[in-house]
Amino acid sequence: MSNPLALAVLALSFERPMHPYEMAALLKQRHKHESIKLRYGSLYTVIDMLHARGLIAPLETSRGGRRPERTVYTLTQEGRAQLRDWMRDLLGNPAKEFPQFEAGLSLLPVLPPDEAVALLRERAARLAETIAQMAAQMSDIAAVDLSTLAGPDEQLPPPLLGQKFPPIFMVEGEYRRALLTTELTFVNDLVRRITEEGWGPVELWRDIQGMCEANYRARMEPRHEPARTTGRRARAGGATRS
């Protein structure tokens with residue numbers, strides 16, 4: 001399995017038995033949806049898959065008022081083993097990922113240098129804004145008492161009563177901010193190298209991009225010419241026959 005949402009379901013079921021709606025609510029309440037893509041349709045699909053594999057199991061089904069039935073799921077022994085193996089692999093083994101920005105950088109010569117620099121500066125401004133927002137959000141969360149973040153059906157363990165939001169519950173936010181900060185440093189330095197040092201070399205880059213652009217335009221032009229020629233011939237032929 002490689003679905004982070006499935007990992008989150010296993011982790012929540014390890015914490016305590018709960019129904020899918022509560023899982024979704026807790027993921028949002030704890031800001032985990034910022035690290036793990038959450039959609040209700042996908043959540044129920046994942047739960048069905050985990051149930052089919054014997055990693056979680058229905059514990060009880062209840063109905064409150066006019067609400068639909070809610071099935072509470074608990075973690076099985078096989079699910080606990082899978083959860084621990086998965087976590088060990090994620091934390092211990094670096095994996096090759098394919099970020100979209102890296103893909104864009106690998107194809108940078110598609111754009112002329114001036115346009116690329118302008119776009120990189122826009123990205124740097126957005127990154128700086130996002131980093132500032134994250135820092136403020138994490139500071140606000142760190143000052144909050146855990147009891148105010150507990151769900152209506154959630155009972156905090158005694159060690160957590162009266163505690164502020166522990167850093168361990170925000171470590172993914174620290175990681176994301178560190179990545180963005182490193183990316184911002186890289187982008188700003190790349191812009192500096194292009195504009196001040198002629199990195200690329202920038203003139204070679206400009207020539208290659210310009211040549212590709214000119215060749216593309218040249219290839220496209222003849223495609224329209226036969227249609228116009230054919231049209232003229234057809235009109236000429238019609239005039240001759242008449």
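Student: At what angle do the axes of helix α1 and helix α4 cross?

Tutor: This is a predicted model, and in it the axes of α1, residues 4–15, and α4, residues 77–92, come within 10 Å and cross at roughly 125°. An angle over 145 degrees would count as roughly antiparallel and one from 65 to 115 as roughly perpendicular; α1 and α4 are therefore oblique to each other. As for handedness, α1 passes α4 in a left-handed crossing.

Student: Which residues of α1 and α4 meet?

Tutor: A crossing is read through the side that each helix presents to its partner. From α1 come Ala6, Leu7, Leu10, Ala11 and Phe14, and these meet Gly79, Arg80, Gln82, Leu83, Trp86, Met87 and Leu90 of α4.

Student: How far does α1 reach from its first C-alpha to its last?

Tutor: Here one sets the end-to-end distance beside the span expected at 1.5 Å a residue. With its twelve residues, α1 reaches 17 Å, which is close to the expected 16 Å.

Student: Which residues of α1 are buried, and against which elements do they pack?

Tutor: Burial is read residue by residue, and the partners are then read element by element. The buried residues of α1 are Leu5, Ala6, Leu7, Ala8, Val9, Leu10, Leu12 and Ser13. They pack against the helices α2 (20–29), α3 (40–52) and α4, and also against the strands β1 (56–62) and β2 (70–75).

Student: Taking Ala6 as one case, why does it count as buried?

Tutor: Buried means under 20% relative accessible area, and Ala6, at 0% relative accessibility, therefore counts as buried. Leaving aside residues up to four places away in sequence, Ala6 touches Val46, Met49, Leu50 and Trp86. The C-alpha atoms of Ala6 and Ile47 lie 7.4 Å apart in space, although these two residues are 41 residues apart in sequence.

Student: How many helices and strands does the protein chain have, and in what order do the elements run?

Tutor: The chain comes to eight helices and two strands, and from the N terminus on its elements run α-α-α-β-β-α-α-α-α-α. Of its 242 residues, 26% are buried. Among contacts between residues at least 6 apart in sequence, 61% join residues that are at least 24 apart.

Technical notes: Residues are numbered from 1 along each chain as its sequence is written. This is a predicted model: local features need pLDDT of at least 70, side-chain atom pairs count only at pLDDT 80 or more; totals for chains, interfaces and linings use all residues. Side-chain values use heavy atoms; hydrogens and water are left out. Axes are lines fitted to C-alpha atoms, for helices over the stretch in contact, and angles run from 0 to 180 degrees between N-to-C directions. Helices (H or I, at least four residues) and strands (E, at least two) are DSSP runs, numbered from the N terminus. Angles under 35 degrees count as roughly parallel, over 145 as roughly antiparallel, 65 to 115 as roughly perpendicular and the rest as oblique. A crossing is left-handed if the near helix is turned anticlockwise from the far one by less than a right angle, and right-handed if clockwise. Contact means heavy atoms within 4.5 Å. Buried means under 20% relative accessible area, exposed over 50%, partly exposed in between (1.4 Å probe, protein chains only). The expected span of a helix is 1.5 Å times one less than its number of residues.
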